[in-house]
Each structure stands twice: as C-alpha cells, then as structure tokens.
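Dear colleague,

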Amino acid sequence: MKHFYFLCLTILISVASFGQEMLLNGNFESWDDSTSPTNWTKVENITQESATANIHGGTYSAKHVGGTKDLGQSITSITAGANYTITLWYKVIESDGDDARIWSYWKDSSGDNIDNNDYDSEDAIRGPNNSYFDNNGGVWSEYTATITAPANAAEFYFELRTYSGAMVYWDDLSFFKEESSEITLTLQDGPVSGTVDTTSPEETQQELQFEVTNFTVAAPSAGDGYIVWEVIDNSNGDIVYDSGEEQDLSDPVQLLELVQGDTYTLNAKLVDNTGADLDPAVEYTLTSTVEAYTQVADLATLRAGEIGKYYEVTSEVIAVWAQDYDHQKWAKDATAGIIITDYDEVIATIYNEGDGITGVKGQLDDHYGLLQLLPTVDPGTATSTGNPVEAQLLTIADLIADHEPYESELVEIADVVFEDADGTTVFENFKNYNITDPSSETPIAFSTYVIKFADYDGEIIPSGSQTIKALVGEYNGAVQIASRNMTTDLILSVSENNIEGFGMYPNPVLNGEFRITTASSVAKQVYIYNMLGKQVYSKMVSSNQSVNVANLTTGIYFVKVIQEGKTATVKLVVK
C-alpha cells in the first residue's frame, strides 16, 4: 500500500484570499413556482416565504414544514483536499428540541457516500455533532463550519432536514470553496509541519509526491527555485534518503526500505535558483513512525487492545458471516468475536461460513461504539473448512446487562416477540424493530442497518414468539442485534405455524422420504433450505404425496410450507 502526504509549506508574501461560491440559489431569490426553489433537486414540504419577519436577506426565504422532510442539492467539481465553508441561516418557529439539522455527505466519482473516518468533519455535515440546531428562541441564527474534502471526494450532497412538529425558515445558504494566492509546497494528504505521525506496518515502501502552487519548481535558472529534502532514521541519526543537490517535481520520492517500528524525520525546504534559503525561510518537518504489529493470541486479547494500534492475531479464527456492504466479515474464536470492516477492499479472498482464517492483521477502530478491525493484508486461502459455528444461548436481559462480552458474536435468543408484528407489516432495510422476550420488558433493537439488503427485506414480520439467531452489535452505546437471513436465523421454531392440523413425519428422516399432513386437502408449496439459507428443494405437493429428499446429504434443514396463504416453518433432520 502506498502512503501519500499533503505537505504544506507557506511563504508569507503578498497573500490575497479569494474563493468560489458553489451552491446554486442559496438565497432562494429564484423560484420555478411557489413550492419549487430553482436549482434544488430534492424539495419536500417547501413553500416560498415573503413575510419580512421570516426573511434573513433579500426578498424570499424557504419555509420548511417538518415530518422528516428534506431540502437537497448536489454540488459537483469538488477538489479533494480543498477547504470549503458551509454557512446557513435558520429560524425555528415551533420547537421540541429535535427540529432541524444538516444531513450531508461527501460522494465519490461513482456517487457513493464516503465515510472518511474524520469524525470532526462528519459531525460538521451531519448534525451538527450528531444532534440538532439550537432553537435560540425562534430568532434568525447562523451555522457555519469549514471542512476539508476527503481524498476521493468528487461531489458534495448538501441536505437540510426538518422533523415532525417543527417549522423552519432557511435563507442565505452557502457552500464556499476557500482559495488563496499563497505560495505552497505540498505532499498529498499530509499533516501540517511539526506533526508527529504514524503509518501502517505495511507501508515500508512509500511515495512522497511534492506539489507546489504559485511557485515554479525546476532545475536552476529554469524556474523560481527547487526543493531540498532529507529523510533521517531517528534510531541512529543516519540520512537514509535525500534529494541530492536539487529536486524537481517530475518523479515521486521513493522510500523503499523503511523498517517496522522505526521512526523517521522528513526535513524539506524551498530554495532559490542559487540554492540559498528563501527569506524568510520556508521549512517543513514531519516525524513519522512506521508502526509494528502487536501479536495477540486470540480475539479476546485483540478486543482489549488500543484503538488506532495495529495487531496480528496469531491463532486461527472462524468465519461466521460476510456481506458486500462495506465488505464486512464477522469472525470468532473460542474467546470472542470481531467484525472486520474492509473499506479499502484489502481482502480479495472469499470465505464461507466455517472457514478457518489464519494471519488476520489490521488496525483496531471504533465505529460509533462498535469495535472493528480495519484489515491491512489479505490472509489468503482458508486454512481449514467446515468448522462449527455455534450460537451462544442468551436472553435479552443478558444483553441489556452487558452486551460487550458478546459483541460481534452469534447468539440465540428464545421466545422473542416483535412489537411491530401484525400479520401484514414487512421488514424494511435501514430500520430498527423493538423486540422483547420473557426475561425483559425493556426492548432492544433488531436492526436492519447492520445486515444490509438481507433476504428478510420485504418479508412479513413474524407474529408470535420466535427463536432467533443474530449477530450482536452496538450503536452509540445501545445494543442491537441483526440476523443474517430469514430462513436459518430468523425463524428456528414452529411457533409461526398457522396451518391448521399441520404435522410432518418421520423427523428425523431415515429412508429419504417424509410426509406433511394438514387439515386441508388443498395442495401445498414446500421449500427446503440448508443451514446457509440456500434453497435446495421446491415443489407443489398434494395431500397424499410424500416428499423425497434422498438426494440431500445428512444434516439439518428447514422446511417452509405455504398452503392457502398460511405458512409453517419447521426444522428437518436428515440422517
């Protein structure tokens, strides 16, 4: 992996600041009609307002009536690394404290949202500070923040939200690109001069690409001057790399043999065509340690580690589940579980449930309270297969008392009831559903934020008590659980059965056939799924017809029967 810095050196001469407004019609002076401000692409519950008391500047403002309603505009031509200042004026008329907020995203060139792990920046554009704008007594109030576009940003989606029970006036909104005529020398994505920095243990080979503005760097007499630099190994004081007599911008600086655990100092400066320092001198220093891995014997020891540090798990862990969203993978061993979130798609290997993985390495990270590992290497081919993935038997009371010991582990909870179950309401992605069991009247969240686009999306929420398997998660201190799929995790008992006279025999199956009995003679649709949730059988079966499963291997399956719109689900053992 290459590591890039954006190194800023500033010459303090004749500086003039300027910039560019990028938000269109932020003052709401132009309208297509009374409910459609020009250039705004998402407009919900907006009307043109002309009353003087409700205008901050100009002739109009935008009146926004709540109910989780949005006002949005996409801003293109974003420059990665550039600074932008957001300014907006708002006036809240009706307030319950949770009325309005900014809810914006950086987007990449594919239009996907970017989580750049810069929480200060994220809080500035979603919140503020993951909260709501202050009412300030119903007077016009200003919110402003300066943010930096992340490395892969190509677009900014500017959105404001007003919630139920609130009415907000918006006016004089701005998204302003900050620019300057300062002479700068930069290394892509780097910190300010004097910073003490760390890099991944995998970054023992690095490139530093110098960039300048308002100063021509070239061989002597061909420009304004050039760059002189050196890299010192602080363990012995040796200069391990340097620029020689002069440095232009034609090639990146190649640092090829850095050592894990060692600390290095980069010294750089601009000089004129004679090699003399500029007056005043323009100098830059950066001290950076190439981190080393701390070896841990198991996942429990990993979970006790320090956020931001790098770890190598020396033992084998077992794959539990994986999803495409954020390329996440859940793993466990005998001591604990962990979620591996592979934002950068480091791991190309595909693991199946029960695969053993050896050589897990990465950086420990906290994501809204959820401990996760950001991988730095691909562990490669599974070192074993077919390992059992068993769920711990717990209650909701256990998780409420202390969910941390079970975070990212697979658990099984009996007699769970979904509060939203009414026989018709279906599961949706990106929602939380309250669930309880006999151990606790206090609910916890069954979350479809965690497992995205699962096969229970659009399925009817099961009524009655259920035995479910789920992965344990957390969001800002609150426990939440998520099932991996509808068939093997969400319904493990026959308590959903609403087919009159339903029965199935023999079970276990010994001779390759079984029969299903019901009170009705109407044919029934039979589905059989394996433990991974894959459908292995589908057939319409008459009242006197047996089900032949001779081609199924020995193991546990789930049978789903649908007759006259009613459903039963039962576990099947094939021997």
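**What was found**

Tyr-325 has its place in the loop between strand 27 (317-323) and strand 28 (328-332), where helices (H or I, at least four residues) and strands (E, at least two) are DSSP runs numbered from the N terminus. Please bear in mind that this is a predicted model, in which local features need pLDDT of at least 70 and side-chain atom pairs count only at pLDDT 80 or more, while totals for chains, interfaces and linings use all residues. Residues are numbered from 1 along each chain as its sequence is written, and side-chain values use heavy atoms, with hydrogens and water left out.

With a relative accessibility of 33%, Tyr-325 counts as partly exposed; buried means under 20% relative accessible area, exposed means over 50%, and partly exposed lies in between (1.4 Å probe, protein chains only). Together with Phe-430, Tyr-449 and Phe-453, Tyr-325 forms a nonpolar patch on the surface, with about 410 Å² of accessible area for the group. Patches are made of residues with over 30% relative accessible area and no salt bridge, like charges being joined within 9 Å and nonpolar side chains (Val, Leu, Ile, Met, Phe, Trp, Tyr) within 5 Å. The areas come from the Shrake-Rupley method with a 1.4 Å probe, and for residues only the protein chains shown count as cover.

**Salt bridges**

Side chains of opposite charge can pair when their charged atoms come close. Taking a salt bridge as a side-chain nitrogen of Lys or Arg within 4 Å of a carboxyl oxygen of Asp or Glu, the count comes to 8. In one of these, Lys-309 pairs with Glu-291, the closest N and O atoms being 3.6 Å apart. This pair links distant parts of the chain, 18 residues apart, since Lys-309 is in the loop between helix 2 (299-303) and strand 26 (310-313), and Glu-291 is in the loop between strand 24 (283-290) and strand 25 (294-296). Lys-309 is partly exposed, at 30% relative accessible area, whereas Glu-291, at 11%, counts as buried.

Arg-484 and Asp-489 form another salt bridge, with 2.7 Å between the closest N and O atoms, and both of these residues are buried. Salt bridges that share partners also join Lys-42, Asp-70, Glu-159 and Arg-161 into one network.

**Ser-61**

Ser-61 belongs to strand 7 (residues 61-65) and is buried, with a relative accessible area of 0%. Leaving aside its neighbours within four places in sequence, Ser-61 is in contact (heavy atoms within 4.5 Å) with a set of residues including Phe-28, Trp-31, Trp-140, Tyr-169 and Trp-170. A polar atom of the Ser-61 side chain lies 2.7 Å from the backbone oxygen of Asn-54.

**Strand pairing**

Strands count as paired if DSSP finds at least two bridges between them. Strand 9 (residues 83-94) and strand 13 pair in the antiparallel sense over 8 bridges, and Leu-88 has Tyr-143 of strand 13 as its bridge partner.

An open sheet of 3 strands has the order 39-40-43, with antiparallel pairing. Strand 39 (503-505) and strand 43 (547-548) stand at its edges, each with a single partner strand, so one side of each is left without a neighbour in the sheet. Strand 40 (residues 513-517) is joined to strand 43 by 2 bridges, and Glu-513 has Asn-548 in strand 43 as its bridge partner.

**Backbone points to check by eye**

Most residues other than glycine have a negative phi, and most peptide bonds are trans. The peptide bond from Gly-127 to Pro-128 is cis, with omega near 15°, and Pro-128 lies in the loop between strand 12 (126-127) and strand 13. Asn-136, found in the loop between strand 12 and strand 13, has a positive phi of about 55° although it is not a glycine, and Asn-136 is partly exposed at 40% relative accessible area. A cis peptide bond also joins Asn-507 and Pro-508, with omega about 15°, and Pro-508 is found in the loop between strand 39 and strand 40.

Technical notes
Polar contact = N/O pair within 3.5 Å; in protein donor to acceptor, adjacent residues only side chain to side chain.
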